[in-house]
Amino acid sequence: MINFNEVIIAVAVVGVIGIIVGIILSVAEKVFHVDIDEREEAIREVLPGSNCGGCGFAGCDACAEAIAKGNAEVSACPVGGASVAQKIGEIMGVEVGEMTRMVAYVKCDGTSDKREVEYNYFGIDSCIYADKMPGSSPYACKYGCLGFGSCARVCDQQAIRIINRKAVVDESLCVACGKCLRVCPHDLIELIPANSKHRVQCASLARGLEVKNACTAGCIGCGLCAKNCPNDAIEFKNNIAVINYEKCTECGACVEKCPRKIIKVYG
């Protein structure tokens with residue numbers, strides 16, 4: 001036989017517990033409430049959502065928060081490019097100047113037919129693993145592209161292919177997210193202006209004779225490119241020519257004077 005008094009008591013207890021929990025949750029919501037900037041939510045809506053980290057923050061949410069708080073530029077998202085920056089600028093009420101499109105560039109032209117091999121590598125197809133082998137490379141040049149595709153595997157845009165054991169970037173697909181830069185153990189990839197026509201295809205820190213013995217596509221540090229540049233746009237850092245694209249006028253003098261032809265013309 002059902003004892004209605006016990007049922008009523010049970011219902012009352014549950015009701016009281018529900019009221020207490022509701023009060024606790026209400027108080028907690030007020031105590032721990034965090035005001036969200038409406039601009040942050042609006043910015044998050046226009047970001048591409050790739051969460052690639054190319055902006056330097058831990059995903060699109062963190063990027064949106066940083067922009068809304070003024071801790072990052074409205075152009076912080078490399079994947080979104082100028083169109084997204086323009087939308088964010090409208091949200092933040094700031095003007096967005098002309099943006100230069102950036103692309104990843106591999107500073108090496110040492111394909112398998114141009115470089116000397118010191119030993120055969122039979123390990124995992126990974127630049128990171130190959131870099132841990134003796135000399136950090138099975139090739140005579142210890143600074144060049146290992147060609148095992150670590151950069152290609154992390155590229156969400158499939159903008160990198162391995163051709164003749166060297167990484168090649170398809171600039172029409174590249175969004176400058178920077179993922180490839182972070183996985184290259186030889187720091188061979190950098191972001192440069194997409195409209196740059198003259199590029200140094202070497203990053204070897206070795207001296208001239210050592211470079212000659214290791215690869216036919218290496219910079220020997222002769223300095224002729226820098227000496228003949230009318231705009232002082234080339235300097236040498238650790239035996240390698242480096243182009244300052246802010247000074248470069250694309251005159252082509254460096255290309256003409258380079259005896260190794262490692263400064264190439266693009267576009």
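1. Y105 is buried in this predicted model, with a relative accessible area of 5%. Its ring pairs with that of Y266: the centres are 6.0 Å apart and the planes stand at 90°, so the pair is edge-to-face. A search of the whole structure finds two such aromatic pairs, and Y105 with Y266 is one of them. The pair links distant parts of the chain, with Y105 in strand β1 (residues 102-106) and Y266 in the segment after β8 (263-265).

2. Y266 is partly exposed, at a relative accessible area of 26%, whereas Y105 is buried. The ring of Y266 also has a charge over it: the charged end of R199 sits 4.4 Å from the ring centre.

3. Y121 belongs to the loop between β1 and α5, and F148 to the loop between α5 and α6. These two residues are 27 residues apart, and the pair again links distant parts of the chain. Both Y121 and F148 are buried.

4. A charge over a ring is also found at Y139, where R115 lies over the face at 3.8 Å from the ring centre.

5. S136 is in the loop between α5 (127-130) and α6 (150-154), the loop that also holds F148. Is S136 buried or exposed? Its relative accessible area is 18%, and the cut-off for buried is under 20%, so S136 counts as buried. Leaving aside residues up to four places away in sequence, S136 touches A130, D131, K142, L146 and H186. One of these contacts, L146, is also among the residues closest to the centre of the second largest cavity.

6. In helix α3 (60-68), the buried residues are C60, C63, A64, A66, I67 and A68. An α-helix has 3.6 residues a turn, so residues three or four places apart point the same way. The cover over the buried residues of α3 includes α2 (38-46) and α4. Just after the helix, G70 takes a positive phi of about 85°.

7. K69 lies in the loop between α3 and α4 (81-92). With a relative accessibility of 56%, against a cut-off of over 50%, K69 counts as exposed. K69 and M92 are 23 residues apart in sequence, and their C-alpha atoms are 9.9 Å apart in space.

8. Which residues lie nearest the centre of the largest pocket? They are K107, C202, A203, I240 and V242, out of 17 lining residues. The volume of this pocket is about 390 Å³. Strand β7 (residues 240-243) gives the most to the lining, with four residues. By class, the lining comprises 11 nonpolar, two polar and four charged residues.

9. The second largest pocket has a volume of about 250 Å³. It is lined by 15 residues, and P78, G81, T100, R101 and M102 lie nearest its centre. Its lining divides into 11 nonpolar, three polar and one charged residues.

10. How many cavities of 30 Å³ or more does the structure hold? There are six. The largest cavity contains about 170 Å³ of space. Of the 23 residues that line it, C141, G144, C202, S204 and C215 are the closest to its centre. C202 is also listed among the residues nearest the centre of the largest pocket. The lining of the largest cavity has 13 nonpolar, six polar and four charged residues.

11. About 120 Å³ of space lies in the second largest cavity. Its lining is formed by 17 residues, with C127, C145, L146, C151 and C184 closest to the centre. The lining is made up of 12 nonpolar and five polar residues, with no charged ones. By contrast, four charged residues line the largest cavity.

Technical notes. Residues are numbered from 1 along each chain as its sequence is written. This is a predicted model: local features need pLDDT of at least 70, side-chain atom pairs count only at pLDDT 80 or more; totals for chains, interfaces and linings use all residues. Side-chain values use heavy atoms; hydrogens and water are left out. Buried means under 20% relative accessible area, exposed over 50%, partly exposed in between (1.4 Å probe, protein chains only). Contact means heavy atoms within 4.5 Å. Rings of Phe, Tyr and Trp (its six-membered ring) pair if their centres lie within 6.5 Å; planes under 30 degrees apart count as stacked, over 60 as edge-to-face and the rest as tilted. A charge sits over a ring if NZ of Lys or CZ of Arg is within 6 Å of the ring centre and within 35 degrees of the ring normal. On a 1 Å grid over the protein atoms alone, a cavity is a set of points where a 1.4 Å probe fits but cannot get out, and a pocket is an open set with protein on both sides within 12 Å along at least five of seven lines; lining residues have an atom within 4 Å of a point. Grid points are joined across faces, edges and corners, and a volume is the space filled by probe spheres set on the points. Ala, Val, Leu, Ile, Met, Phe, Trp, Tyr, Cys and Pro count as nonpolar, Asp, Glu, Lys and Arg as charged, and the others, Gly among them, as polar.
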